[in-house]
Amino acid sequence: MMNKEQFTAEVLKAEKSLYHVAKSILKNDEDCADAMQNAILSAWQKLHTLRQDAYFKTWITRILINESYQILRGRREQVCYEDYLDERKAEDQGSWSELYLAVQELPGQYRLPFVLHYVEGYSVKEAAGILSLSESAMKVRLYRARNLMKERLGGEYGYETC
């Protein structure tokens, strides 16, 4: 079983990856920080349920995904249309890269598999396990995400449209 120092070291190693996963679900930095904090606290409290230390990152990522969705469920708020347009204008002015915006515009069912596999480097099998999907379902979602990215990005980033 992992001790406090090992737990802290593993969390620090996974911190950047956890942020990317939370950001792909929540988009808001404050919500990402809340989700990460809740996930780390929950992981510490449930550390005894971790079967093998080697799977810590996968295990805490799954906890983070659950915490992120919990935050989403809790804040189902409506946004004023003018505020939405102002936010989009700020994004369009170059504060985010085109690639980042394309990933953020993927539907949720494709965004998280895409981020886990292509950004965070999880294998198809690992990402499928994190998301509780079969490997074939994961491959289908990745395929569809790639196609949506190709449509969105057009000829940029080496994608050619037919």
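The second largest pocket of this predicted model has a volume of about 180 Å³. A pocket here is an open set of points on a 1 Å grid over the protein atoms alone, with protein on both sides within 12 Å along at least five of seven lines. Its volume is the space filled by probe spheres set on the points, which are joined across faces, edges and corners. Residues are numbered from 1 along each chain as its sequence is written. Local features need pLDDT of at least 70, side-chain atom pairs count only at pLDDT 80 or more, totals for chains, interfaces and linings use all residues, and side-chain values use heavy atoms, with hydrogens and water left out.

**Pocket lining**
- Tyr55, Thr58, Trp59, Arg62, Lys125, Glu126, Gly129 and Ile130 line the second largest pocket; lining residues have an atom within 4 Å of a point.
- Helices α3 (56-74) and α7 (124-130) each supply at least two residues of this lining.
- The largest share, four residues, comes from α7.
- By type, the lining has three nonpolar, two polar and three charged residues.
- Nonpolar covers Ala, Val, Leu, Ile, Met, Phe, Trp, Tyr, Cys and Pro; charged covers Asp, Glu, Lys and Arg; the others, Gly among them, are polar.

**Fold**
- The chain has eight helices and zero strands.
- Helices (H or I, at least four residues) and strands (E, at least two) are DSSP runs, numbered from the N terminus.
- Of the 162 residues, 35% count as buried, meaning under 20% relative accessible area with a 1.4 Å probe, protein chains only.
- Take contacts between residues at least 6 apart in sequence: 66% join residues at least 24 apart. Contact means heavy atoms within 4.5 Å.

**Packing of α1 and α2**
- The axes of α1 (residues 4-26) and α2 (residues 29-45) come within 9 Å and cross at roughly 145°.
- Axes are lines fitted to C-alpha atoms, for helices over the stretch in contact; angles run from 0 to 180 degrees between N-to-C directions.
- The crossing is right-handed, with the near helix turned clockwise from the far one by less than a right angle.
- On the α1 side, the contact residues include Phe7, Val11, Leu18 and Tyr19. On the α2 side, they include Cys32, Met36, Ile40 and Trp44.
- The contact residues divide into twelve nonpolar, no polar and five charged.

**Backbone at Ser132**
- Ser132 lies in the loop between α7 and α8 (135-153).
- Ser132 has a positive phi of about 55° although it is not a glycine.
- Most residues other than glycine have a negative phi.
- Ser132 is exposed, with a relative accessible area of 62%; exposed means over 50%.

Key. On a 1 Å grid over the protein atoms alone, a cavity is a set of points where a 1.4 Å probe fits but cannot get out, and a pocket is an open set with protein on both sides within 12 Å along at least five of seven lines; lining residues have an atom within 4 Å of a point.
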